[in-house]
4 protein chains.
Amino acid sequence: MTGNIIGERFVVASFGESHGRCVGVLIDGCPPGIELSEADVQVELDRRRPGQSLVTTTRTEEDRVEILSGVFQGRTTGAPILMLVWNKDVDSRPYEIIRNTPRPGHADYPAYIKYRGFNDYRGGGRFSGRITAGYVMAGAVAKKLLSKLGVEVLAYSLEIGGVRARQLSVDEIRKHRYANEVRCPDFEAAEKMKKVVLEARKQGDSVGGIVECIALNLPIGLGEPVFDSLDSDLAKALFSIPAVKGVEFGRGFEAARLRGSENNDPFILVEEKIKTASNNSGGILGGLSTGEQLVTRIAFKPASSIAKPQKTVDIVEKKETEIVVPGRHDPTVVPRAVPVVEAVVAFVLADHVLRAGLIH
Amino acid sequence: MTGNIIGERFVVASFGESHGRCVGVLIDGCPPGIELSEADVQVELDRRRPGQSLVTTTRTEEDRVEILSGVFQGRTTGAPILMLVWNKDVDSRPYEIIRNTPRPGHADYPAYIKYRGFNDYRGGGRFSGRITAGYVMAGAVAKKLLSKLGVEVLAYSLEIGGVRARQLSVDEIRKHRYANEVRCPDFEAAEKMKKVVLEARKQGDSVGGIVECIALNLPIGLGEPVFDSLDSDLAKALFSIPAVKGVEFGRGFEAARLRGSENNDPFILVEEKIKTASNNSGGILGGLSTGEQLVTRIAFKPASSIAKPQKTVDIVEKKETEIVVPGRHDPTVVPRAVPVVEAVVAFVLADHVLRAGLIH
Amino acid sequence: MTGNIIGERFVVASFGESHGRCVGVLIDGCPPGIELSEADVQVELDRRRPGQSLVTTTRTEEDRVEILSGVFQGRTTGAPILMLVWNKDVDSRPYEIIRNTPRPGHADYPAYIKYRGFNDYRGGGRFSGRITAGYVMAGAVAKKLLSKLGVEVLAYSLEIGGVRARQLSVDEIRKHRYANEVRCPDFEAAEKMKKVVLEARKQGDSVGGIVECIALNLPIGLGEPVFDSLDSDLAKALFSIPAVKGVEFGRGFEAARLRGSENNDPFILVEEKIKTASNNSGGILGGLSTGEQLVTRIAFKPASSIAKPQKTVDIVEKKETEIVVPGRHDPTVVPRAVPVVEAVVAFVLADHVLRAGLIH
Amino acid sequence: MTGNIIGERFVVASFGESHGRCVGVLIDGCPPGIELSEADVQVELDRRRPGQSLVTTTRTEEDRVEILSGVFQGRTTGAPILMLVWNKDVDSRPYEIIRNTPRPGHADYPAYIKYRGFNDYRGGGRFSGRITAGYVMAGAVAKKLLSKLGVEVLAYSLEIGGVRARQLSVDEIRKHRYANEVRCPDFEAAEKMKKVVLEARKQGDSVGGIVECIALNLPIGLGEPVFDSLDSDLAKALFSIPAVKGVEFGRGFEAARLRGSENNDPFILVEEKIKTASNNSGGILGGLSTGEQLVTRIAFKPASSIAKPQKTVDIVEKKETEIVVPGRHDPTVVPRAVPVVEAVVAFVLADHVLRAGLIH
């Protein structure tokens with residue numbers, strides 16, 4: 001039943017349940033001397049907080065982070081950092097129904113089998129998107145670490161409900177990714193996305209989408225092939241975000257249809273520096289960072305919790321039935337996933353920066 | 001510089017270089033009592049052996065596996081299993097050129113930086129596809145283990161050079177996946193794929209493609225969320241195969257464009273058993289196996305080694321130049337990747353079967 | 001700066017500082033369905049609580065444990081278990097002095113160098129014996145787990161300040177180990193130990209001692225040689241208790257002076273069962289449990305914090321000086337170490353019981 | 001059945017069986033650029049080779065190491081290093097007897113239970129002292145690494161069969177530790193030790209002893225408390241050497257009888273440097289290296305394999321019987337354990353040097 005710990009040098013341990021007392025994270029391996037305040041973490045947490053617009057759930061969660069260890073006089077000490085938010089605004093009663101009638105698209109049924117019925121099913125327990133609040137806390141610390149090397153991690157909604165953003169510049173992404181409710185710096189596309197989401201909500205349905213994440217100023221050679229290569233570790237961590245069904249780097253699945261002569265990125269000299277003329281590789285070759293922009297795209301399925309009645313099975317009475325999923329739902333998880341993707345990419349990069357000995 | 005070990009309970013350690021003395025694998029954690037012979041491993045290895053047709057490289061590698069520890073009287077003992085093949089037919093001289101002029105699309109350049117010029121660059125060293133011979137050995141043992149639970153792992157070429165196979169039945173995949181050179185059980189598509197590959201070869205170019213892999217008869221609840229979930233661990237391992245640029249499960253990236261009501265798989269009763277009416281999830285919910293067919297697709301970029309001259313930089317003299325990549329090339333890696341994907345999926349599943357305590 | 005996580009399957013992560021907000025533990029890997037209440041943990045915690053007699057420090061720490069995750073309806077869920085006690089009765093001001101004048105026998109100086117001055121030095125921070133409160137919490141859960149197999153872990157003070165207990169029966173140990181302040185079931189020796197301790201206290205000094213720990217009803221074959229053998233893993237964990245300077249099993253150092261014919265334990269049949277006539281091995285052969293009683297002894301140095309003035313160096317002004325160590329001191333750590341040793345042995349055994357697949 | 005891998009950054013994986021095809025080691029994490037030849041490793045291996053005198057077994061093992069991967073042009077590449085010796089001079093027939101009648105003091109019985117009879121019992125299989133040849137290979141690489149920091153690791157026989165060496169200077173230890181058959185730089189004691197060993201041999205018996213190991217020039221702050229502290233990791237690795245029953249640091253068990261005022265090492269200034277006036281701590285405080293000499297002592301039991309007939313049980317026929325242990329025996333393992341202890345201490349230190357980021 002292990003599996004809640006990730007990373008070799010920047011070690012992130014997740015804990016907490018959706019409707020338990022708290023949700024949070026324990027970080028082991030953060031070097032001493034990094035400035036870190038609750039405000040630093042809160043900024044990031046606020047970006048994933050629900051209740052901010054109609055495109056997300058109307059649940060309100062205050063989510064004030066508390067740092068309980070590992071920080072002294074405003075700086076990390078090198079000791080484990082424990083951070084959490086206390087759970088509030090929780091009404092668990094409606095969830096009784098999911099105990100015996102698993103929600104389609106949710107982990108209820110396999111979790112019931114795996115944990116032999118002992119798992120905390122309220123609000124989805126450990127399988128709730130709420131768990132990602134802990135990821136965001138870890139990401140906030142990782143970002144502070146990465147900033148010492150000038151590394152930046154930027155994500156945004158590339159596509160929601162079939163509406164895709166146009167090609168965007170780094171500057172646009174950096175400045176505008178949190179400028180609207182759908183977290184898409186292409187404002188025109190953002191308007192359309194919003195419309196699609198609200199329509200789905202009206203119909204008691206949900207839509208999926210794609211988050212793109214870039215990382216800038218990466219040193220060359222991050223990653224520990226063959227198994228802990230940079231893409232391997234990023235993919236592992238990204239698939240730990242609920243609702244993710246696909247991860248690709250650079251041209252990704254599209255590359256499967258290219259010729260080698262099209263897809264290979266030629267090396268060139270730019271102001272004495274070795275660069276590539278294109279970046280089809282997404283900044284990763286052989287599992288190592290190339291020094292070019294890291295580019296990854298993450299596919300999110302439409303949120304499983306929808307208002308429409310759905311077919312399911314009563315697993316105790318062993319008969320088919322219907323369920324109306326309780327709770328207030330996100331008609332799409334994509335906008336709130338944007339800061340989560342940034343956080344996850346950041347803590348994987350922090351791990352590899354430390355493994356490479358670039359920060360002590 | 002660690003990173004060559006994967007798995008928690010079925011631990012796979014990779015070693016060897018393309019043009020070194022050998023390539024192989026060390027397995028720690030295999031339970032005692034599993035029947036295992038060199039022939040069992042050889043069957044799998046032969047499937048990835050090059051030199052079998054024009055769609056792959058014409059290099060010949062004998063690749064006779066030797067089991068050097070961990071097996072006694074035809075069965076595993078519970079001790080570490082060391083397996084390797086000795087390298088032969090190796091001409092390293094042409095590779096001198098890549099030392100200073102990195103091949104586009106290869107790891108040469110970031111590897112040179114990371115290992116400060118000390119890496120064994122001959123034939124790509126640790127970044128060669130040849131390393132996957134070790135994966136296949138590990139997969140062969142994993143398959144023996146999985147067969148005790150009736151679990152089967154089947155992969156095939158779903159798409160090569162833009163040619164996509166039609167929908168195939170499990171039986172077709174099981175019987176015909178190794179029936180032709182492109183490893184596609186849709187014989188009509190296979191013919192077209194072959195044509196595309198040979199054309200690319202003639203042009204000194206290469207093509208990419210997609211491998212699909214299914215796993216049958218999985219127990220419910222494999223996977224250790226939140227970080228060691230089944231999709232996380234599969235993705236991590238799959239991205240350790242050279243040339244992989246994308247991994248998806250079930251509907252994958254397509255799911256990003258579906259509505260929740262379309263994508264959710266309703267639970268139904270089939271002969272008293274709880275099943276799902278569809279399998280858009282690809283057999284994974286919340287990072288746990290659902291008992292339905294596991295479905296994953298892996299995107300391979302076109303092989304980076306092409307005969308055409310390409311732009312690169314002389315990193316010592318710091319000037320732009322051209323390279324004609326030495327060696328005999330695979331015009332596509334996809335057919336030979338099929339047994340590798342099977343192996344990788346098998347050893348990740350074996351790891352999770354052991355973590356779940358289903359075999360001792 | 002990692003290193004605060006131990007175990008493969010019953011994973012224990014330590015956090016908190018002596019004078020920070022809290023001290024506690026995160027457990028990953030505990031199987032679902034184990035009955036667990038705060039009272040279960042409190043019983044164990046109360047045994048290491050200070051302020052109970054003159055032989056320990058007079059500081060009072062309430063140490064009420066709170067379980068913050070991983071338990072639902074009185075049972076473990078299979079999710080990570082977060083437990084902590086909030087720090088109270090803390091006066092950190094006297095500790096300013098140790099910043100620049102490291103206490104002899106304490107980690108102050110190497111910690112200052114390692115963490116570059118950023119470590120939380122108040123009360124010793126992470127190097128305080130207070131950290132073991134978390135170990136005890138983890139041990140409490142481990143004991144519940146082990147009790148399902150009938151495994152019992154019993155420790156007691158074998159020797160304090162040179163006074164050694166007589167040979168004791170298992171029953172005496174089980175019943176009387178917490179019956180007096182020095183945790184020695186030999187009441188006569190206990191009286192003498194107490195006298196020695198109080199004398200040392202009066203002189204502003206401290207004494208060391210030896211804790212013996214036995215474990216009963218272990219299954220045969222626990223341990224994963226060659227590196228994760230049972231003695232290896234126990235020793236590693238036991239040396240993580242502050243003040244431990246030696247660990248031995250069975251006859252231990254004494255065995256170095258025996259002949260093989262004396263030290264080997266002959267196998268015999270006792271009521272059809274294979275047993276050994278003696279137990280010089282302490283229940284471990286080749287790193288595996290033999291099914292006999294596990295016997296380990298742990299040497300504790302005299303507490304480093306003493307009232308007597310001691311020589312030290314002002315590391316800023318670079319000159320020799322004297323220090324009178326602040327705080328209220330334990331004249332011996334041995335009695336309070338007894339429940340800590342039990343806890344540590346218990347969580348290592350729990351880890352190996354899970355690795356052996358004996359509980360799911 | 002995992003457990004054959006140790007270390008976080010200098011990762012050592014052990015493989016091979018006493019009478020299998022080979023014994024060796026796989027190292028993952030060695031930085032690139034370290035000069036390494038087979039001769040470097042052979043020097044160390046030769047020190048543990050048997051057949052060198054009457055105080056050890058008369059078996060001859062050639063033990064020529066082969067480096068099969070990870071070294072290119074005389075230097076490490078950053079890739080996994082595979083090293084092994086092929087087994088020769090092996091007569092397994094006499095070992096048939098131990099299958100059913102376990103040898104007292106050996107792992108035969110618990111191994112039989114654990115591995116359900118599938119373990120390779122010939123010559124003790126994985127539980128043979130022969131496995132330590134792999135440790136020595138790993139140690140040879142570690143020593144090369146440590147030499148870059150000027151760190152030296154020196155072990156010697158402090159006590160054999162009750163004969164203890166006098167206090168020795170570092171220079172004596174460095175120069176003379178391999179100068180005689182018992183590996184004791186006190187030549188007078190060495191003569192007596194030899195006599196005791198030969199007498200035991202004549203009587204078909206064996207003797208135990210104590211190895212002391214010192215490490216010089218350690219940087220301050222090695223170790224990752226609370227669980228991966230330096231003493232914890234050293235003890236874990238040292239208990240992985242067959243026949244070890246006790247490990248202590250500094251004054252060790254003796255410290256249990258000292259007063260705090262005697263045992264604490266006062267800080268002093270020596271030529272502007274902070275040192276301690278004594279070294280009762282053995283160079284470790286709070287699990288961190290202090291910069292003083294690291295001192296550890298390891299207790300070895302008398303070799304279990306003796307010529308005298310011993311009582312045992314036929315586990316198939318379930319009746320008591322006698323066994324005369326087959327094979328040629330070491331009357332003491334201590335002299336051959338000296339290079340093994342050096343190797344084990346070296347690879348643990350190398351791991352921590354890399355964790356501390358002191359070498360890349």
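This is a predicted model: local features need pLDDT of at least 70, side-chain atom pairs count only at pLDDT 80 or more; totals for chains, interfaces and linings use all residues.
Trainee: Which peptide bond of chain A is cis, and how do you know where A:Val226 belongs?

Mentor: The bond that leads from A:Pro225 to A:Val226 is the cis one, with omega near 5°, and A:Val226 has its place in the loop between β10 (209–216) and α7 (230–238) of chain A. In chain B, a cis peptide bond joins B:Pro225 and B:Val226, with omega about 5°, and B:Val226 is found in the loop between β10 (209–216) and α7 (230–238) of that chain.

Trainee: Why is the relation between chain A and chain B called that of a two-fold axis?

Mentor: Chain A is superposed on chain B by a rotation of 180° with 0.0 Å of shift along the axis, and the RMSD is 0.0 Å; that is the relation of a two-fold axis. Of the residues of chain A, A:Lys236 comes closest to this rotation axis, with its C-alpha at 2.5 Å.

Trainee: How do you know that the copies meet through the same surface?

Mentor: Of the interface residues of chain A, 99% are also interface residues in chain B, so we conclude that the copies meet through the same surface. In that interface, 91 residues of chain A are in contact with 90 residues of chain B, and the side of chain A that touches chain B has 42 nonpolar, 27 polar and 22 charged residues.

Trainee: What makes β11(A) and β11(B) a pair of strands?

Mentor: Pairing needs at least two bridges, and strand β11 (residues 244–249) of chain A and strand β11 (residues 244–249) of chain B pair over three bridges in the antiparallel sense. As one position to look for, A:Gly246 stands opposite B:Glu248 in β11(B).

Trainee: Which strands are called edge strands in the open sheet of 10 strands, and why?

Mentor: The order of the sheet is β9(A)-β8(A)-β10(A)-β16(A)-β11(A)-β11(B)-β16(B)-β10(B)-β8(B)-β9(B), with antiparallel pairing. The edge strands are β9 (163–164) of chain A and β9 (163–164) of chain B, as each of them pairs on one side only. Helix α7(A) lies across β11 and β16 (294–300) of chain A together with β11 of chain B, and runs at about 160° to β11(A).

Trainee: Why are α4(D) and α9(D) called oblique to each other?

Mentor: Helix α4 (residues 132–147) of chain D and helix α9 (residues 334–355) of chain D pack at an angle of about 50°, with their axes 7 Å apart. Angles under 35 degrees count as roughly parallel and those from 65 to 115 as roughly perpendicular; the two helices are therefore oblique to each other. The crossing in which α4(D) passes α9(D) is left-handed.

Trainee: Which residues meet there, and of what class are they?

Mentor: Among those in α4(D) are D:Tyr135, D:Ala138 and D:Leu145, and the residues they and their neighbours meet in α9(D) include D:Val340, D:Phe347 and D:Leu349. By class, this contact has 15 nonpolar, two polar and two charged residues.

Methods:
Residues are numbered from 1 along each chain as its sequence is written. Chains are lettered from A and ligands numbered from 1 in the order in which they are written. Axes are lines fitted to C-alpha atoms, for helices over the stretch in contact, and angles run from 0 to 180 degrees between N-to-C directions. Helices (H or I, at least four residues) and strands (E, at least two) are DSSP runs, numbered from the N terminus. Angles under 35 degrees count as roughly parallel, over 145 as roughly antiparallel, 65 to 115 as roughly perpendicular and the rest as oblique. A crossing is left-handed if the near helix is turned anticlockwise from the far one by less than a right angle, and right-handed if clockwise. Two residues are in contact if their C-beta atoms, placed from the backbone, lie within 7 Å. Ala, Val, Leu, Ile, Met, Phe, Trp, Tyr, Cys and Pro count as nonpolar, Asp, Glu, Lys and Arg as charged, and the others, Gly among them, as polar. Copies are superposed by least squares on the C-alpha atoms of residues with pLDDT of at least 70 in both.
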